Amino acid sequence: MACISAKFINERSPYEVVQVDDLTVRFITESGVKYMVGFTPDAFIFDEGGYDFFIINEAETAKQDHAVYQTIIAVIESLFHDTADSAMIYICAPDEGKQAVRARLFEMWFNNTSEASSNYTLKTYNSIDPDSGISYFYGLILRKDNPNQDKLIRTFLEFLADY
């Protein structure tokens, strides 16, 4: 099982993080917004090495803050630091109808920054629930040197297409 390291993250992050457990950290922004960020082992798509990513804003309305992005990227890099075999999955929460905005933000972070786009592959998928009409946006992030990249992407897309 992978672990993330507050020491590793704090060497790269503008905000200081505090380790909660092997896969979770917390940090507070300059404006006092509290975040919990981390991973849970994926139980649905991948047999092993897959992790579901979460960002929890612990109560405040967040303002746009570039340092939050940098901190979150450092958390993600920590997951992938020791192994190229891991895969990270995220689902953009449909809270307040902002899931499309969240999806675009992740795409911007991983496709428009030279460091992230040169080190990671981002594969996205979206669907609309026929009953509720709610759009769901999913993403898979892998290191570019992941030896199972093609298989993991295929598994991800096939699972969601059947879901």
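Buried means under 20% relative accessible area, exposed means over 50%, and partly exposed lies in between (1.4 Å probe, protein chains only). This model is predicted: local features need pLDDT of at least 70, side-chain atom pairs count only at pLDDT 80 or more, and totals for chains, interfaces and linings use all residues. Residues are numbered from 1 along each chain as its sequence is written, and side-chain values use heavy atoms, with hydrogens and water left out.

**Helix 5**

- Helices (H or I, at least four residues) and strands (E, at least two) are DSSP runs, numbered from the N terminus.
- Helix 5 covers residues 149–162, which makes 14 residues.
- From first C-alpha to last, helix 5 reaches 20 Å, close to the 20 Å expected at 1.5 Å a residue. The expected span is 1.5 Å times one less than the number of residues.
- Which residues of helix 5 are buried? They are Gln149, Leu152, Ile153, Phe156 and Leu160.
- These residues sit on the same side of helix 5 because they cover an arc of only 100° around the axis. The arc is taken from the directions from the helix axis to the C-beta atoms.
- Asp150, Lys151, Ala161 and Asp162 are exposed on the other side of helix 5.
- The cover over the buried residues of helix 5 includes strand 5 (87–92), strand 6 (120–128) and strand 7 (135–143).

**Nonpolar cores**

- A nonpolar core is a set of buried Ala, Val, Leu, Ile, Met, Phe, Trp, Tyr and Cys residues joined through side-chain atoms within 4.5 Å.
- The largest core has 37 residues, and Phe39 and Met88 have the most contacts inside it.
- Helix 2 (residues 66–80) gives this core its largest share, 10 residues.
- Leaving out residues up to four places away in sequence, Met88 touches several residues, among them Phe39, Tyr51, Ile76 and Phe106. Contact means heavy atoms within 4.5 Å.
- A second, separate core of 11 residues includes Leu140, Leu142, Phe156 and Leu160.

**Salt bridges**

- A salt bridge is a side-chain nitrogen of Lys or Arg within 4 Å of a carboxyl oxygen of Asp or Glu.
- How many salt bridges does the structure hold? It holds three.
- Lys7, Glu11 and Arg12 are linked in a network. The closest N and O atoms are 3.0 Å apart for Lys7 and Glu11, and 3.2 Å apart for Glu11 and Arg12.
- Glu11 counts as exposed because its relative accessibility is 52%, while Arg12 is partly exposed at 39%.
- Arg143 pairs with Asp145 in a salt bridge, with the closest N and O atoms 2.8 Å apart. Arg143 is buried at 18%, whereas Asp145 is partly exposed at 48%.
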